[in-house]
Amino acid sequence: MNKLTRRAFNTSAIPRDLAAVTHIDHAAEVAPASLGLSADAVGGIWNSVERLYRTGVHPGMQLCLRYRGDVVLHRAIGHAHGNGPRDRRNAPRVAMTTDTPVCYFSASKAVTALLMHILAEQGRINLLDPVSHYCPEFARNGKGTITIHQVLSHRGGIPAIPRDTPLETLWDRDAIWKILCDAVPVEVDGSKLAYHAITGGFVLQRVLETVTGESIETFLDRHIRQPLGMQWFTYGIRREKLSELASNYATGPNPVFPVSWVLRRALGGDMATIETVVNDPQFQATVVPAANLCGTAEEMSRFFQMMLNGGEWNGQRICQPETIRRAVQQFGSPQIDRTLMIPMRFSAGFMLGGNPVGLWGPDSREAFGHVGLINKFCWADPSRDISVSLVNTGLPIVAHHLPALARFLWTVGRQFPRHPGEARRVVA
């Protein structure tokens, strides 16, 4: 794209030679032939990522894809800092590598959800209990019957915080909890699906911390982060490491109605405001269980591979296979989500795929995962035995990148044909 086109589309500068901004972890990637794959098939997937990168909406990207437990693609492209649409021409550019931590945004919900399922496996909570059974103050204003399971499946009746809530409230655990306890629900019977972008995570955090007597960070560290050997994979980033976290950029055309209305309804602000918030050190260093887990594409792929393994990683039992099955089991029928205004299939914590095409590509009914701010795609498909994590630093909504994103999902789905019996083998 030339300079005028980039300005019109609000995109980053893309070099002619992509090899100059590509990082490949050759030591991690196994030879495709050893898994019965062709080099062209794997190359085709990476070509689809390059095509997406060339749209300019993502200054930096990472991809990690595992097949049958082995890493097939572990690569990064672009920059972590310095090549945003509004960055100065002479701004220092820092390359994106496979080790650069990125905020997963709402893909964090999948990890937080599994923590709750692990807590239930331990017998410390019952997901069908009302939240108020553990936190009585939540019962105010008629919320006494809302269950943990309803919150996990986006049927908790409190999809958004009040619009006039100051942003700094997000960094104050007690203040946000009081707002949620005082909230008047839109419904309490779980009949209506409405995506809980931020609120649900704070409710789940309060239940977990009340029951365990420890922080959600500590629980995550003990039950997932350490057993899986993660370097990052924390809510937020320690302040001394903030400079290593990739920057996020609002890219693409500024959303207009009705997309702008949906965005405000779900996240409470326009893209400029969201960009400011997610790059604020206070957001990056605090705990927002539904929205600010940070790590690499490989770490999120590792998490989903553990789920494909039925809760096992390198000989360690993270959770029982039954816990995984309960976590990804569809809850309720597919409905129009009253926040996102699109049809969705949810389990108690995960976004589910569909046939003949779904969120995770073609013929993806068995797939489960979560997106992050619409652009990060992290999922597992038991029928294909793949775990995939595509993370990036652009925040486009409706833009010219959508065909390239769809092509990536389609390419992955077509290069890894379904084996329906595989779904039972992997998670059983």
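Okay, let's start with contacts, meaning heavy atoms within 4.5 Å: of those in the chain with a separation of 6 or more, 69% are between residues 24 or more positions apart.

Quick housekeeping. This is a predicted model, where local features need pLDDT of at least 70, side-chain atom pairs count only at pLDDT 80 or more, and totals for chains, interfaces and linings use all residues. Residues are numbered from 1 along each chain as its sequence is written, and side-chain values use heavy atoms, with hydrogens and water left out.

On to the overall picture. The C-alpha trace spans about 60 × 50 × 40 Å along its principal axes. Of the 428 residues, 58% are buried, which here is under 20% relative accessible area with a 1.4 Å probe, protein chains only.

Now the aromatics. How many aromatic pairs does a search of the whole structure find? There are 13, counting rings of Phe, Tyr and Trp (its six-membered ring) with centres within 6.5 Å; planes under 30 degrees apart are stacked, over 60 edge-to-face, and the rest tilted. Take F303 and F304: their ring centres sit 5.2 Å apart with the planes at 80°, so that's an edge-to-face pair.

Another edge-to-face pair is W379 with F408, at 6.4 Å centre to centre and 80° between the planes. W379 is in strand β16 (residues 376–381) and F408 in helix α14 (residues 402–415), so this pair ties together parts 29 residues apart in sequence. Strands there are DSSP runs of E, at least two residues, and helices are runs of H or I, at least four, numbered from the N terminus. W379 and F408 are both buried, too.

Definitions and conventions:
Buried means under 20% relative accessible area, exposed over 50%, partly exposed in between (1.4 Å probe, protein chains only).
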